[in-house]
Amino acid sequence: MVCPAYGPQTTFPVGSNPAGITTGDFNHDGNLDLAVTNSGETSISVLLGDGAGSFGTQTTFSVGSGPVGITTGDFNHDGNLDLAVANSGDATVSVLLGDGAGSFGTQTTFSVGSSPLGITTGDFNHDGNLDMAVTNSGDATVSVLLGDGAGSFGTQTTFATGTNPFGITIGDFNHDGNLDLAVTNNGDDTVSVLLGDGTGSFGTQTTFTVGGNPVGITTGDFNHDGNLDLAVANQNDASVSVLWGDGMGSFGTQVTFAVGTFPQIITIGDFNCDGSFDLAVTNFDDATVSVLLGDGAGSFGPQATFATGGASFGITTGDFNSDGALDLATANLNNSNISVLLNSCVNPLTCPDLTLENDPGTCEATVPLPTSAQCSNVITVCNPDTVQVGSPTSVTCTATSDIDQTNSEACTFTVTVNDTEPPVLSGLNDIEIIADNQIGIIVTYPDPTATDNCPGTITITCTPPSGSFFPIGTTTVTCTATDSNGNSSTGTFTVMVIPFQGE
């Protein structure tokens, strides 16, 4: 299996110490763009995508001090994506309204807690406007700011979390129709879950143990039970914790999976197009990203790692080259650049021997492509692609990535095609004949003809046969055509014998 697989990284310059990264179509051209926080300066970088996996030169926009987390949403209902940034150095969030052409207006800032790091958005009070939730690492709280739908946000309300909260994600963890929060507490190795009441407020935290110094967090239904689960990147023990949700707002004991050294931010996506969520995690010390494929039962396979820039931190996913497969983009803290890795996954092929019926009207069958799940950027061909009726034929199918032609999977199997199509009779014409008596007459009629989809002898028999005695009245003649593969068809016509009418 050559999956997960990604092409070599392509890097694009951004500002100093890039940390957070998000994606969206900022200029309505149908291509995904990127927005990056530059934590070493007071700016964000926006890079417009070309839809082929490349990005233009950055444009920078001023934000607060030490920007880290970044998210996107339409905060003023104008149909354009806006940006919200957590500024760790000045306890604010910057909101920049998009113009729909890839540019953003001057920031508006809103006060939050001390050292804000993570940020997410959702409609917490069911008013149709996007709200914000921000983790405040310096004061063990999360700030919730309710949006007014015009691009502004109200005064923060804070809710207690664990020590040094960092990552944050949202989801309806208890199926009550309200968005809830899950936060990583970097200082006490836990995750806090705060259930939303649908009015913009949240209940007292419930904590769940994870690995050492958790940072990033994400959510998804990893085991297809209809309940949201959690995945957490544990900074100090090179692991990811997965906690399965029970659908009532609680989570089971963590199960851990090994990743690289000093993992940071985590995201999910179906990277091998099998219908189950997979994980991607940045490894700060290794300058890699780890991808772990989900099995759909809540577990994940061993990591595969792919090189990124130095000190990779933030990560996001999207189809950057418009080929139908999810790609990755990372913010590389030590290199002042971002890495884009294009998905070249090819899943193994399952190719059992096949027995097929002929295609209608032909003496062959089209070989169906293997049913193994593939992303839409994988091209699968079979040779030969059609097989004649007769003896078993060996067929080889090959699946190849459009990103990496050397990344392919092949299988060989036999195909047997049976002819199941009967001959087609013609010339079955009704006959009228006048006898020279009142009893009947010997009738000789033209033999019907038959055609078949396959070459070979066609045998035609009719009852009563031509040259038989037909009595006065109507007699039905039944003809059967049988081909060399044993397929037969039947047709009829009538012979009407009219008695002699004397003068």
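The paragraphs below proceed from the whole chain to individual residues.

This is a predicted model, in which local features need pLDDT of at least 70 and side-chain atom pairs count only at pLDDT 80 or more, whereas totals for chains, interfaces and linings use all residues. Residues are numbered from 1 along each chain as its sequence is written, and side-chain values use heavy atoms, with hydrogens and water left out.

The secondary structure of the protein chain comes to 0 helices and 42 strands. These elements are DSSP runs numbered from the N terminus, with helices being H or I runs of at least four residues and strands being E runs of at least two. Along the principal axes, the C-alpha atoms of the protein chain fill a box of roughly 120 × 50 × 45 Å. The radius of gyration of the chain is 35 Å, whereas a compact globule of 503 residues would have a value near 23 Å; the radius is taken over C-alpha atoms, and the globule rule is 2.2 Å times the number of residues to the power 0.38.

Of the 503 residues of the protein chain, 54% count as buried. Buried means under 20% relative accessible area, exposed means over 50%, and partly exposed lies in between, with a 1.4 Å probe and protein chains only. The accessible surface of the chain comes to about 19400 Å², and carbon and sulfur atoms hold 50% of that surface. Accessible areas come from the Shrake-Rupley method with a 1.4 Å probe, and for residues only the protein chains shown count as cover. Among contacts with a separation of 6 or more, 48% are between residues 24 or more positions apart; a contact means heavy atoms within 4.5 Å.

Gly-105 lies in the loop between strand 8 (92-96) and strand 9 (108-111), and Gly-105 counts as partly exposed because its relative accessibility is 34%. Leaving out residues up to four places away in sequence, Gly-105 touches Leu-96 and Leu-97. Thr-108 belongs to strand 9 and is partly exposed, since its relative accessibility is 40%. Not counting residues up to four places away, Thr-108 touches Val-93, Ser-94 and Val-95. Thr-108 and Ala-160 are 52 residues apart in sequence, and their C-alpha atoms are 26 Å apart.

Aside from neighbours within four places in sequence, Thr-120 is in contact with Thr-71, Asp-131, Met-132, Ala-133, Ile-168 and Ile-170.

Backbone geometry comes next. Most residues other than glycine have a negative phi, and most peptide bonds are trans. His-175 has a positive phi of about 60° although it is not a glycine. His-175 lies in the loop between strand 14 (165-171) and strand 15 (180-185), and it counts as partly exposed because its relative accessibility is 46%. His-224 likewise has a positive phi, near 55°. The loop between strand 18 (214-220) and strand 19 (229-234) holds His-224, which is partly exposed with a relative accessible area of 48%.

Two cis peptide bonds can also be located. The bond from Asn-383 to Pro-384 is cis, with omega near -5°, and Pro-384 lies in the loop between strand 31 (378-383) and strand 32 (386-388). The bond from Thr-463 to Pro-464 is cis, with omega near -5°, and Pro-464 is found in the loop between strand 39 (459-463) and strand 40 (468-471).

UniProt lists residues 418-499 as "domain: HYR" in an unreviewed entry; its positions are given in the numbering used here, feature names are shortened, and annotations may be inferred rather than shown by experiment. The span of residues 418-499 is 0% helix and 55% strand, and its end C-alpha atoms lie 50 Å apart. Ile-439, Ile-442 and Phe-469 make a nonpolar surface patch of about 340 Å². Patches are made of residues with over 30% relative accessible area and no salt bridge, with like charges joined within 9 Å and nonpolar side chains (Val, Leu, Ile, Met, Phe, Trp, Tyr) joined within 5 Å. A salt bridge is a side-chain nitrogen of Lys or Arg within 4 Å of a carboxyl oxygen of Asp or Glu. Ile-442 lies in strand 37 (residues 440-443) and is exposed, because its relative accessible area is 55%.
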